[in-house]
Amino acid sequence: MIDFETFASRFRARPWLLSAAALLSLSAGGCGQNGQPALEAVRSAQDVVEAETGMVVSAYPDASEIGTEVLRAGGNAVDAAIATGFALAVTHPTAGNIGGGGFMVIRFPDGRTTALDFREKAPLAAHPEMFLDESGEYSAQVHHYSHLAVGVPGTVAGFAHAHESYGSAEWRDLVDPAVGLARDGFVVRERLARSLERMLPRFETYPTTHAQFSKDGSPYQPGDTLVQADLGATLERIRDEGRAGFYAGTTARLLAEEMERGGGAITEEDLARYQAQERAPVTGTYRGFDVISMPPPSSGGTALVEMLNVLEGWDVAAMGHNSPEHAHHLVEVMRRAFRDRATYLADPDFADVPVERLTSKEYAAELRAVVEAGQAGASSPEDVSAAAVAPESAETTHYSVVDGDGMAVSVTYTLEAGYGSMITVPGAGFLLNNEMGDFNARPGLTTETGLIGTEPNLARPEQRMLSSMTPTILARDGALVAVVGSPGGRTIINTVLQIVVNTVDFEMAPAQAVASRRLHHQWLPNVVRLEERYMSAEDAAVLEEMGHAIDWRSSQGIAHCIFVDPATGALVGVPDPRDSDGTAAGY
Ligand code: DON
């Protein structure tokens with residue numbers, strides 16, 4: 001058994017060299033901080049990597065290495081992010097994509113920032129009641145798993161925009177490695193093999209998907225080579241023609257044909273009209289740190305800054321990490337930010353979103369006063385009783401990139417559910433998203449289980465669906481501090497929040513800030529979801545006495561992050577130990 005104080009002092013002495021794996025296994029079975037049970041390895045973990053010049057941390061080794069090769073060859077962080085993203089579209093089919101969408105936050109070496117929105121959008125034929133069945137009832141199947149659940153993909157347009165505006169390498173050199181991975185194949189690792197095996201029965205509905213992700217109907221085994229010839233051909237068109245290789249010609253035709261065949265709504269016109277949007281990031285400050293994150297149509301940055309502003313008025317460190325008091329305060333800010341998310345947040349091109357007010361210190365002071373005025377520890381009276389929390393899967397992916405000039409890129413992109421709609425475009429080899437499920441179900445349908453029917457985020461022609469993805473960058477005194485983000489649906493915002501709090505309030509070293517257990521509350525249902533071993537049973541009982549219904553979950557988020565050692569300037573890549581394939585590559 002490791003004495004935590006001894007362990008912690010060793011950790012403090014050489015924090016940058018301690019891996020998340022070591023952190024988890026050293027503390028397994030030992031006593032944790034503040035009387036909490038010790039952490040133990042959740043998955044087999046990857047080592048933290050320290051590098052001098054450039055770094056990529058992503059969900060698959062080949063993708064991180066391809067991104068790092070781009071940096072070594074003189075490309076900048078945007079170039080590496082594009083190459084990593086295309087590689088993940090081949091090696092990480094659960095979330096890596098060209099048939100989905102996402103967000104990219106960039107901080108340039110001189111401190112300027114920007115945000116790229118390549119979120120999917122609704123096709124021209126969309127309307128708020130499109131997810132009802134023939135009898136006029138809301139249908140979760142139509143909303144989440146049908147051709148109507150597919151949004152107009154944004155990833156290729158986003159990468160093309162990023163490259164035109166900020167890239168420095170040749171476009172074809174960024175796509176070509178992914179062409180190779182698809183055409184020649186890549187080695188299936190254990191996690192992917194298990195995931196594909198689990199999914200195979202569900203893929204039977206979609207013969208193209210079943211064929212692409214099985215060996216003549218049998219599951220791939222770890223060590224097998226997975227070749228995706230049709231995907232390779234599509235990537236070649238993208239390599240040779242840029243965005244037109246996806247949004248026009250053969251690829252667009254094949255996609256539109258599949259939509260027509262399956263009763264979907266996306267047409268070649270929808271594809272031709274898709275444009276990525278460059279937006280001003282949402283920014284805030286937290287105890288002297290600058291927070292740069294994604295604006296609407298993601299709710300992520302706005303909710304993150306709103307919550308940090310409220311927390312800033314309290315001495316969070318004094319509460320004790322993951323203590324009942326700490327958890328209570330996190331829950332109270334989360335429930336309010338998520339209520340505001342449901343009330344106000346949506347595509348800013350369609351709704352008037354009061355980002356400035358929600359992210360202001362004045363508004364935070366009002367919320368703080370409400371929390372403080374509550375009975376000691378009680379949940380807010382306006383909230384409904386506990387109900388079952390639908391588990392949020394981790395089927396999105398976040399990756400972080402920093403180059404030798406200090407340019408930082410934070411990307412979270414997704415197909416929404418794992419393997420999205422599970423529809424592969426025949427002849428084009430890529431999976432389509434089911435992102436339309438992120439629109440509200442139907443006007444007025446708000447339930448205790450978490451369905452939200454508020455007006456701003458209803459499906460309308462060409463509107464972008466509200467997201468929780470929170471690619472974020474932290475800086476301080478003009479210097480880069482960290483690149484952070486995670487998958488996990490609505491839990492994403494809270495995962496990022498806790499990594500920031502761990503870093504700023506608890507001064508944790510990177511590996512610990514990422515490995516530490518997390519919690520989640522999203523207003524409705526009124527349940528706090530604690531990651532396994534978040535706190536002891538005794539502390540959980542105290543939290544329950546404070547009025548919080550508790551639900552335990554095995555895992556929350558996969559945050560592949562990069563930190564900068566403030567003393568040396570070295571880059572510290574921390575793949576989240578919850579993902580055995582997460583890999584930091586640097587030089
Ligand atoms: O954009 C979003 O917030 C979601 N579509 C992300 C989905 C996710 O992280 C995985 N599952 N719930």
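Mentor: Happy to, and let's start at Asp438: an N or O atom of its side chain is 2.5 Å from a nitrogen atom of the ligand, a polar contact (N or O atoms within 3.5 Å). Before we go further, please keep in mind that this is a predicted model, in which local features need pLDDT of at least 70 and side-chain atom pairs count only at pLDDT 80 or more, while totals for chains, interfaces and linings use all residues. Residues are numbered from 1 along each chain as its sequence is written, and side-chain values use heavy atoms, with hydrogens and water left out.

An oxygen atom of the ligand is 2.7 Å from a backbone N or O atom of Ser468, and a backbone N or O atom of Gly489 lies 2.6 Å from an oxygen atom of the ligand. On its own, the ligand has 340 Å² of accessible area, and the protein covers 95% of that (Shrake-Rupley method, 1.4 Å probe).

Now step back to the whole shell. The ligand is surrounded by 14 residues, and the closest are Thr396, Glu416, Glu435, Asp438 and Gly489; to be included, a residue needs a heavy atom within 4 Å. Sorted by class, the shell holds 6 charged, 6 polar and 2 nonpolar residues, where Asp, Glu, Lys and Arg are the charged ones and Gly counts as polar. Domain 1 (53-279 + 391-438) and domain 2 (283-385 + 470-586) each supply at least three residues of the shell, with bounds from an automatic or database domain assignment.

Arg287 sits in the loop between strand E8 (282-286) and E9, and its phi is near 50°, a positive value in a residue other than glycine. Arg287 is partly exposed, at 28% relative accessible area (buried is under 20%, exposed over 50%, partly exposed in between; 1.4 Å probe, protein chains only). Next comes the loop between strand E9 (289-293) and H14, where Pro297 is found. Pro296 and Pro297 are joined by a cis peptide bond, with omega about 20°.

Because 12 of the 12 residues of H14 are buried, the helix is largely enclosed by the rest of the structure; Gly300, Glu306 and Asn309 are among them.

Ala342, in helix H16 (residues 324-344), is buried at 7% relative accessible area. Ala342 and Leu466 are 124 residues apart in sequence, with their C-alpha atoms 9.5 Å apart in space. Glu462 belongs to the loop between strand E11 (408-414) and strand E12 (472-476); it has a positive phi near 70° and is buried at 18%. Another cis peptide bond joins Leu524 and Pro525, with omega about -5°. Pro525 lies in the loop between strand E14 (519-520) and strand E15 (528-531). Helices (H or I, at least four residues) and strands (E, at least two) are DSSP runs, numbered from the N terminus.

Key: A polar contact is a pair of N or O atoms within 3.5 Å; within protein, one must be able to donate a hydrogen and the other to accept it, and residues adjacent in sequence count only if both atoms are side-chain atoms.
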